[in-house]
Each structure stands twice: as structure tokens, then as C-alpha cells.
Amino acid sequence: MAAQNPNGSLTTTIENKIATVEFGHPASNSFPRQLLDSLTSELNVLSGNEDVSVIVLRSVGTGAFCAGASFDELLAVSNQEQGTIFFSGFANLINAMRSCSKIIVGRIHGKAVGGGVGIAAACDYAFATVDSSIKLSELAIGIGPFVIEPAVSRKIGKSAMSEMTLAAHEWKNTDWAHQKGLYAKVLQDQVCV
């Protein structure tokens, strides 16, 4: 299984003009920089691929959809230059999603934290399961969700973004995320996309 790869995994399959891009990492589908860069590059390539009309973005497994950036890499940041490099990873990914010429459909099957919420927000359309709670935990560790804020605010509005940011220890359930516009549709079981 791809999620057991200690460095993470990224696979793309194309069938009937639908590219399914699946990412995985053993730490709750989090993103170390190398995996972030690979996904960003893959989306840029697919954007120019005439054999693709739609991209389905999903993660492996049945647990968390995405735990955001690699916590180990965050802890290793010791100066401004390293911080800039670290935080630019999710900025580059979200920019690639926003500028992609294809429709990106998110398949959100579990909890999303931090950057995972940013990925869901940057999708053009997101399906979710009832287990797809969200949280912006950045303030709890002393940083702000500044990199993903534009994408999340565009999707759910400034008030909801502020509520999530200031309640850094609080999970917002799937219904809340659906009502705010992050998820277009919520399904009872695993998303069939």
C-alpha cells in the first residue's frame, strides 16, 4: 500500500480524460516538502495535458485526509530563510491549484488539519464524508494559518476563517464545513469519486 512508504507517495492514473492523483504519507497523509513539491509539479503538468479534462485529488487510506505540513520539518526550522522555504511549499501548491486549467475535484474522506483544509479549499469542488472534520491548529503551536488563509477565506468567508483560526483546539464538524461552503456535497460513506 502506498501510505506505508516512509517518504510518502504520489500516483496518477488517467482514464477517460479523468486524472486521479493520490497522495499518501504514513504520518496521517501529511506533506513533507519533497511530497508537496511533487504534487505541485504534477498539477502543473496535468494542467497542460490535453488528454485530461478533470483532476480528482485524493489521499490514501481511510483515516485522515491530510494532516497538513510535516510537523518534523516545521520543528527543524531555525531561521528566517528556512522558514521561508518551509512555508512556500503550501503556497506553491495552492497557487498551482488555483492556476490549474482543469477542474480539480477533492475527495475528502477524513479529517483535515491546517494545510489539508487549504487543499480542500483550493479544490474547485469537494466531496466529503461525514467523518471529514476540519481544524486550523496553527495558533495552538504559535504560528498563524497565513499561507492557506486566502484560499480558505475565499471558500468559507472571513468570519468563518477567523472562527476557525481563533478556536485552534476545536474541530469543526463536516456539517459546519458544508454549511460554510468548504464542501459542496457530504456523503455518508466513502466518497465514490
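## Sheet, aromatic cluster and lysine contacts

An open sheet of 6 strands runs in the order E1-E2-E3-E4-E6-E8, with mixed pairing. Its edge strands are E1 (9-15) and E8 (185-187), and each pairs on one side only. Neighbouring strands are turned by 20° against each other on average, direction ignored. Strands pair if DSSP finds at least two bridges between them. Helices (H or I, at least four residues) and strands (E, at least two) are DSSP runs, numbered from the N terminus. Axes are lines fitted to C-alpha atoms, for helices over the stretch in contact, and angles run from 0 to 180 degrees between N-to-C directions.

This is a predicted model: local features need pLDDT of at least 70, side-chain atom pairs count only at pLDDT 80 or more, and totals for chains, interfaces and linings use all residues. Residues are numbered from 1 along each chain as its sequence is written, and side-chain values use heavy atoms, with hydrogens and water left out.

Strands E2 (residues 18-24) and E3 (residues 54-59) pair in the parallel sense over 6 bridges. Here Glu22 stands opposite Arg58 in E3. Helix H1 (residues 33-47) packs on the sheet and touches E1, E2, E3 and strand E4 (103-108). The direction of H1 makes about 20° with that of E1. Contact means heavy atoms within 4.5 Å.

**Aromatic pairs.** Rings of Phe, Tyr and Trp (its six-membered ring) pair if their centres lie within 6.5 Å; planes under 30 degrees apart count as stacked, over 60 as edge-to-face and the rest as tilted. The count comes to 5 aromatic pairs. Two of them are tabulated.

| Pair | Type | Centre to centre | Between planes |
|---|---|---|---|
| Phe23 and Phe65 | edge-to-face | 5.6 Å | 75° |
| Phe31 and Phe90 | edge-to-face | 5.9 Å | 85° |

Phe31 lies in the loop between E2 and H1 and Phe90 in helix H3 (residues 80-99), so their pair ties together parts 59 residues apart in sequence. Phe23, Phe31, Phe65 and Phe90 form one aromatic cluster. Phe23 is buried (under 20% relative accessible area; exposed is over 50%, partly exposed in between; 1.4 Å probe, protein chains only), at 0%.

**Lys172.** This residue sits in the loop between helix H6 (158-166) and helix H7 (174-180). Lys172 is buried, with a relative accessible area of 6%. The charged end of Lys172 sits over the ring of Trp176, 5.1 Å from its centre. That term requires NZ of Lys or CZ of Arg within 6 Å of the ring centre and within 35 degrees of the ring normal.
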